Amino acid sequence: MMGRMAWAGVAAAALSACAPAAGPEVAGRGTFDPGYQGIETILLDGDLVNFRVAMTGARSNGDVEAYARCAAAQYALIRGAGFARHVRTTVARAGETWRGDAVYTISAALPEGLRTIDAEVTVRDCGSLGIPTV
């Protein structure tokens, strides 16, 4: 028969298994713990939109690009469009802050090109990954 101390240990172990993790372990770099610093949206011309994002804790340019992609997808939905096409993204790092400067075209119909995104699917994916949108 288990004593009170043993049950307390079992309960603590069970509760700790339910706690959210800080993030996946990155080889030699600790856990992934992004800090999303904000999104700036600039309408360039008609359906051409610039998204400037900033974050800390990125593992690579890909994390910054994903943040900008999530912003573009949400913006497309806000504007009543269902799609976006990636034009370009540049990423720069200064200390712990990563900055992305991305340009997308926004459209109601699926645009031509290889780097298109379905806004609804992308926003849903961003939410499941914990990446904020506009």
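How many bridges join strand β5 to β6? In this predicted model, the count is 11, with β5 (residues 83-94) and β6 running antiparallel. One spot to look at along this pairing is H86, which stands opposite Y104 in β6.

Zooming out, these two strands belong to an open sheet of five, laid out in the order β3-β4-β6-β5-β7 with antiparallel pairing. The edges are taken by β3 and β7 (116-118), each of which pairs on one side only. On average, neighbouring strands of the sheet are turned by 30° against each other, direction ignored. Helix α3 packs on this sheet, where it touches β5 and β7, and its direction makes about 75° with that of β7.

Over at the β3 side, β3 (residues 35-45) pairs with β4 (residues 48-56) in the antiparallel sense over nine bridges. G35 has T56 as its bridge partner in β4. The two strands form a hairpin with two residues between them, and G46 in that turn shows a positive phi of about 60°.

Then there is the nonpolar core. The largest one has 26 residues, and those with the most contacts inside it are F51, M55, V64, Y104, I106 and I131. At least two residues of this core come from each of β4, α2 (61-78), β6 (97-107) and α3 (119-129), with α2 giving the most, 10 residues. As for V64, setting aside neighbours within four places in sequence, its contacts are V53, M55, A58, V91, W98, R99 and G100.

Methods
Residues numbered from 1 in each chain as written. Predicted model: local features only at pLDDT ≥ 70, side-chain atom pairs only at ≥ 80, totals over all residues. Heavy atoms only, no water. Pairing = 2+ DSSP bridges. Helix = DSSP H or I, 4+ residues; strand = E, 2+ residues; numbered from the N terminus. Core = buried A, V, L, I, M, F, W, Y, C linked by side-chain atoms within 4.5 Å. Buried < 20%, exposed > 50% of the residue type's maximum accessible area, 1.4 Å probe, protein only. Contact = heavy atoms within 4.5 Å. Axes fitted to C-alpha atoms, helices over the stretch in contact; angles between N-to-C directions.
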